[in-house]
Amino acid sequence: MTDAANSKHRRNINDAAITISSVSPTTIPSQINGHRVTVTGSHFIVGRTLLCRFGRDQVTAGQWMSSSTLVCGAPARPAGSVIVGVSNNGLDYTSFHGLLDFFDAPSIVHISPSKGPYHGG
């Protein structure tokens with residue numbers, strides 16, 4: 001086996017061993033790009049191909065904290081639920097068996113009264 005083939009084989013063995021036991025928090029605002037999501041599991045490997053996937057198509061870099069913890073910056077996306085996946089090689093993903101929920105943050109449309117004493121009343 002060539003060095004390149006050995007390297008690819010080692011990465012595939014490592015990816016097969018990834019487990020994801022939890023994602024925290026499980027609910028985040030949909031409009032905030034980069035909201036920190038902590039993924040707990042096992043066999044995470046430090047490197048530039050440590051990636052987090054949100055749904056089927058949004059991928060962000062994972063920040064390695066330890067072999068059992070990484071932090072991902074979740075992308076802004078429409079409200080709804082997605083599966084979170086992690087990859088050590090940027091190709092093969094292991095998915096969490098729960099969902100991460102993105103919600104629309106409430107917005108203030110009217111405040112009443114619009115004026116009042118500085119100290120309240």
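Modeller: Fine. This is a predicted model. The side chain of Asn88 comes to 2.9 Å from the backbone nitrogen of Ile45.

Biologist: Where is the place of Asn88?

Modeller: Asn88 lies in the loop between β8 and β9.

Biologist: Does Asn88 count as buried or exposed?

Modeller: Buried: the relative accessibility of Asn88 is 7%, and the cut-off for buried is under 20%.

Biologist: What is the order of the strands in the open sheet?

Modeller: The order is β1-β3-β6-β5-β4-β8-β9, seven strands with antiparallel pairing.

Biologist: Why is one side of β1 and of β9 left without a neighbour in the sheet?

Modeller: Because β1 (19–24) and β9 (94–95) stand at the edges and each has a single partner strand.

Biologist: Changing topic, how many helices and strands does the chain have?

Modeller: One helix and 10 strands. Along the sequence the pattern is α-β-β-β-β-β-β-β-β-β-β.

Biologist: And what share of the residues count as buried?

Modeller: 29% of the 121 residues. The accessible surface of the chain is about 7800 Å², and carbon and sulfur atoms hold 56% of that.

Biologist: What about contacts between residues 24 or more positions apart?

Modeller: They make up 58% of the chain's contacts with a separation of 6 or more.

Technical notes. Residues numbered from 1 in each chain as written. Predicted model: local features only at pLDDT ≥ 70, side-chain atom pairs only at ≥ 80, totals over all residues. Heavy atoms only, no water. Helix = DSSP H or I, 4+ residues; strand = E, 2+ residues; numbered from the N terminus. Buried < 20%, exposed > 50% of the residue type's maximum accessible area, 1.4 Å probe, protein only. Contact = heavy atoms within 4.5 Å. Areas by Shrake-Rupley, 256 points an atom, 1.4 Å probe, with all protein chains shown as cover. Pairing = 2+ DSSP bridges. Polar contact = N/O pair within 3.5 Å; in protein donor to acceptor, adjacent residues only side chain to side chain.
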